[in-house]
Amino acid sequence: MKSIFYCLLFALLAVPSLAGAQTLTGMVTDGGDPVVGATISSGSTGTVTDIDGKYSVKFATAGTYSVTVSYIGYESITEEFTLAAGATETWNVDLELGATDLTELIVVGSRTAPRSSTTTPLPVDVFRAKDLVSTGQATFDKALQYRVPSFNTVQTPVNDATSLLDPYEIRNMGPSRTLILINGKRKNLSALLYTQTSPGRGETGADISGIPVDAIKRIEILRDGASAQYGSDAIAGVMNIILKDDDDAGSFTLRTGITSEGDGEMYGIALNNGSSLGRDGFINYTLDLSKTNLANRPGTVSAEGEAGDFGAPLADVQRFLSAYPDARNINGSPETTASKIAVNFGNNLTESTEIYGDAAYIYKRVNSFANYRTPYWRTLDDFPYLADFFPDGPNGEYIGYVPTFEGLLNDYNGTLGFRTEKDGWIADLSFTVGGNQQTYKVNNSHNRNGTLNPDGTNTYRENSPITFDPGGTRFTHTVGNIDITRRLSDKVGIAFGSEFRNENFTIIEGELASYEDGGADSFAGNDPRNSGKFNRYNFGGYADAAFDFTDDFLVNATVRLENYSDFGNAFVYKVSSRYKFNEDKITLRASFSTGFKAPTLHQIFTQKAQYSFVPGQGIQVGGLVNNVSREARLLGLPSLDPEKSTNFTFGVGLRPADDLSITIDYYNIKVEDRIILSTEIGGTAGGGTELDQILSDNNLSDLSFFVNGLDTRTSGIDFVANYGGLKLGQNALNVNLSGNYVLQNERDGAVKNPDIVASAGQSVANQTQEALFFTSRPEYKVILGLGTDFGKLGVALNNTVFGPTTFYQQGLDAGIFTEFNTKVVTDLAFNYGISDKTTLSLNINNLLNVLPEWEFKSETSGDSRLQDSEFLMNQSNLITFNQRYSQMTYDGYHFSQLGTMLSAALNVRF
C-alpha cells in the first residue's frame, strides 16, 4: 500500500509543464489586502494563492471552464471563462466576508480547508473559531491543545494562584517565548508569575484562556521566531487572534457539560452579533458568561507515609484515614466563574482612510483549595485554639481544616487605530492599552506563629483572623505603533515602522496579618517591603523588504533595533525565502533569524515567601529573592540580562493533488542566557555564610531567585497533512494528520551558577528543574482527525497521541525518575443541523476514559530497586504527598486527569 502511494505521489509531482497550456492568472484580495492561501478550483484543476495573493492556473485544453475562488470565512465566487488555445486571461477577485459554515466552503477536492499553507515562506497554521468550538473544550487554550501538536497546556497540580491561568507553550519553550497578538497588536502579559515546581516555572505569558471563542474569526499561528518583526518574546512563535467583523450576522449559543464522574458541571451562554456602523462601517460584539464547577480527583492517602512525615502515631493516622481515605484533600479542576466581552469595529472616514479598533474585558473568579490540614498535621497539642476555630467534625469536633484560595482576575485590552493610503503608501497608526490584575483571598486559615505580647497573649495564633487579604499583582502596558508599507513594483515591497511600549508591574501589598510572623497558613501575603510599582519603557524600529525575483522565488529580510530603559539595546534580524516549482506542487522554504526576550518586570522585581511541597517534609516556607534587592547584593547575585536566540527553519510544502496537501518543517532554536527561576537553595553544610544568615533571619528553609542560568537548544519537526479524496459510501471523508516530534531539547554547556551557589556545592538548575524545562511536555504529539457528513449530521473523530514525558522529582533516590506513558485520547463529535439557522452539537471528549499513567524508571539498566515494592511505595509517597496527587505527582503530567467529559451546545444564527 505504501509503495503504491509513493508511486502515485512521485507521478503527481513529476508531471511536466503543459506546453501551450491555457492560463488563468490574477490576484485575490480582501479590501485591497492580499489573501494568502485562497483556493482557485475548476473540477480537478486548481491552485492556491501565494504570499502576495497571486495565482496562476493552467488548463490542459481550450474550452469553457467554471472557476471558483474560495477561502475560509469568505463568500465563494464563481465565474465562467472561455479560454482559446494558448490564451492567458486575468481575473482579479475581491472576496467578501460571509462564509461561516463548512457547506459554504469549497477547497480543491475537499470541503475541509487545509490547515497549513503549502506555499508560504514560513510555517503558518490558520484555524477558524469553529474548528476550536468543535473540540468541545471549555476554554480557548484547552481547545488549542487538541488542534495544534506543538501547543501544550495542562492544569497545574497545585491550584492556588496558578488556577487563574494555566501555563502554555509552543515547541516546549515556555509561555513567555510565544507572542500573543489581537488583530495584529500586542496583547498584555498576565500579572501572574509561575513559581510552583511544575511546567512553566519562572515564566509568565498573556492570558489566552479568557478570550471568548465566539468573538474569534480565525487564529493564525506562526511557528517560527519573529523578534525582528514584533520585538521581545517572539522566540518560539506568534499567535495572532483575529476578531469577527461581520456587520449583518449573529449567533446565540447555549453550552453545558459534565465529567463522567458527575462533577465539573459547566454552563455557558454566549451572544455574538454585528451591525453596520455609519455608512459603510461595522461593529461586532460578543458577550460570554460561564461557570464550571469543581472536579475533584484526590488519591487514597498512605497512612505509613503520613505517620513518617508528621511524626504522628500510626494508629491515629489510620483512624482518621479510615473515615477519610483521601485525607479530605481537594485537588483537580477548580470552580471557575467568568464573564467576557469583546468588541471589534471599523469605519471608512474617507475613501482612503479608515478608523478601526477593538476592546475586550474579562472577569474571572476561581475558588480552589490548599492541601487539607489533617488533625495530626496541625495538632491540638500545638494549636489548642483550633478546636474553637474549626469544629467541622460530625459532632462538632476538630478534624482539621482546609484553607481556601479565592482568586479574582480582571483583564482588559483595547486598540484604536487609523489606516490610510496615499500614492501607493499605506500608513497604519495605532495605540493599544492592556492590563491584567489578580488579587487573592484566603479563608478558613489562621496565622499560626504570632508574637508574644507583654500581657502574655499572642498577636496571632488564638487571636488570629481566619480570613486574609494577601494582596496580588497587576501588569499594564501602553503600546504605540506606526507601520508604513509600499509596493515599489510587482517585484519589490518594503515596510518600516516603530513601536513605543511602556510597562508597569505592581505588587499589591497584603494586610498585616497575611504576611506578619509567617502570615496565613497556606499562602503568605505580600509584605510592604516586597511590594511597590515598577516601570520600564522601550522604543524600537524595524525595516522590512520583500523581493519576488520571479513568480516562484521570494526572499524577505527584516532588521530591528530596540532600546530598553533598563538594559540597553538589542539588534536582531531575519531572512526567509521560498521557492516554488513543478506548477506550485512543491515549495521549499527556509528562514534564519536572531531574537531576544527581555526579562519581564515580574522576574526582575518579584520577592516573596513561597509555600511549597518538600518531599518527605510536607509544606515548607521558602523565599524568592529578586535580583535588585539588598539580599541579592549580599549574595552577589547578578542582574538579569535579556535572552538571545538563534532560529533556523527549513521546510517543504507539497500539493501533489488538488485534494492532498503536506507540509513538513524542521526547526532549531538556540537560546543563550535563558532566564530561569533557580531551584531552592538551602543552607551550607558548615553554616556561617551570608546565605545561611539570610535564611536564618527570615525563618526560611531555602531561597530561590531568577538568573540567566542556561544556554539551551531545541529542535524538532512539525508536519501537517490534509486529504479529502477518500469516500465513505457516497460521502467525502476528510482526513487531517498533524504532529510534532522533539528531536532535541536540552541544556547546551554548563549551568551558569553564581559564585555563592557554586561554593555551597549546589546548582541553580538541578535534574528536577531541567526536567521541567526540557522533558515535562510530550516528546511527540500526533493528531489524527476524520470527518464526514451524513446529510444534516456531521461526525468527527479525533485521536490525539500524547507522547512520553519525564520528571526528576525532588527527593527521589539517585538515578530514579518518573515517566508518563504514551496515551491516545479519543474525541467524538456530532453536529446536527436542526434547521438552516439552528445547530445542535454533542461532544464526548476522552471517549475511552484514558487517564495519565506514570511509572518509575532508572538510569541504570536492570536496576533491582524497581522490583522492590516497599522502595517504590516510599518513592511514590515522596512525590505525590503520600498519594494525595497519585494521578499526576506533585510536579505535573501531560494531559487532563479528569477522564471522559460530555458537552452539548445549541447554536442559533440570526
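This is a predicted model: local features need pLDDT of at least 70, side-chain atom pairs count only at pLDDT 80 or more; totals for chains, interfaces and linings use all residues.
Trainee: OK, why does Phe310 count as buried or exposed?

Mentor: Phe310 has a relative accessible area of 19%, and the limit is under 20%, so Phe310 is buried.

Trainee: And what about Phe881, buried or exposed?

Mentor: Phe881 sits at 0% relative accessibility, so Phe881 is buried as well.

Trainee: What makes Phe310 and Phe881 an aromatic pair?

Mentor: Rings of Phe, Tyr and Trp (its six-membered ring) pair if their centres lie within 6.5 Å; planes under 30 degrees apart count as stacked, over 60 as edge-to-face and the rest as tilted. Phe310 and Phe881 are 6.4 Å centre to centre with 45 degrees between the planes, so they pair and the pair is tilted.

Trainee: Which parts of the chain does that pair link?

Mentor: Distant ones: Phe310 is in helix α5 and Phe881 in the loop between α14 (869-880) and β45 (901-909), 571 residues apart. Helices (H or I, at least four residues) and strands (E, at least two) are DSSP runs, numbered from the N terminus.

Trainee: Why is the Phe151 and Tyr168 pair called stacked?

Mentor: The planes meet at 15 degrees and the centres are 5.9 Å apart, so this pair is stacked. Phe151 lies in strand β11 (residues 151-153) and Tyr168 in strand β12 (residues 168-170), so the pair ties together parts 17 residues apart in sequence. Phe151 and Tyr168 are both buried.

Trainee: Over to α6: which residues are buried there?

Mentor: In α6 (residues 314-323), Val317, Phe320 and Leu321 are buried. They cover an arc of only 95 degrees around the axis (taken from the directions from the helix axis to the C-beta atoms), so they're on the same side of α6. An α-helix has 3.6 residues a turn, so residues three or four places apart point the same way. Arg319 and Ser322, on the other side of α6, are exposed. The buried residues pack against α5 (303-310).

Trainee: Last one: what does the side chain of Asn626 reach?

Mentor: The backbone nitrogen of Val628, at 3.0 Å, and a polar atom of that side chain lies 2.8 Å from the backbone nitrogen of Ser629. A polar contact is a pair of N or O atoms within 3.5 Å; within protein, one must be able to donate a hydrogen and the other to accept it, and residues adjacent in sequence count only if both atoms are side-chain atoms. Asn626 is buried too, at 7%, in the loop between β33 (618-625) and α10 (630-635).

Technical notes. Residues are numbered from 1 along each chain as its sequence is written. Side-chain values use heavy atoms; hydrogens and water are left out. Buried means under 20% relative accessible area, exposed over 50%, partly exposed in between (1.4 Å probe, protein chains only). Contact means heavy atoms within 4.5 Å.
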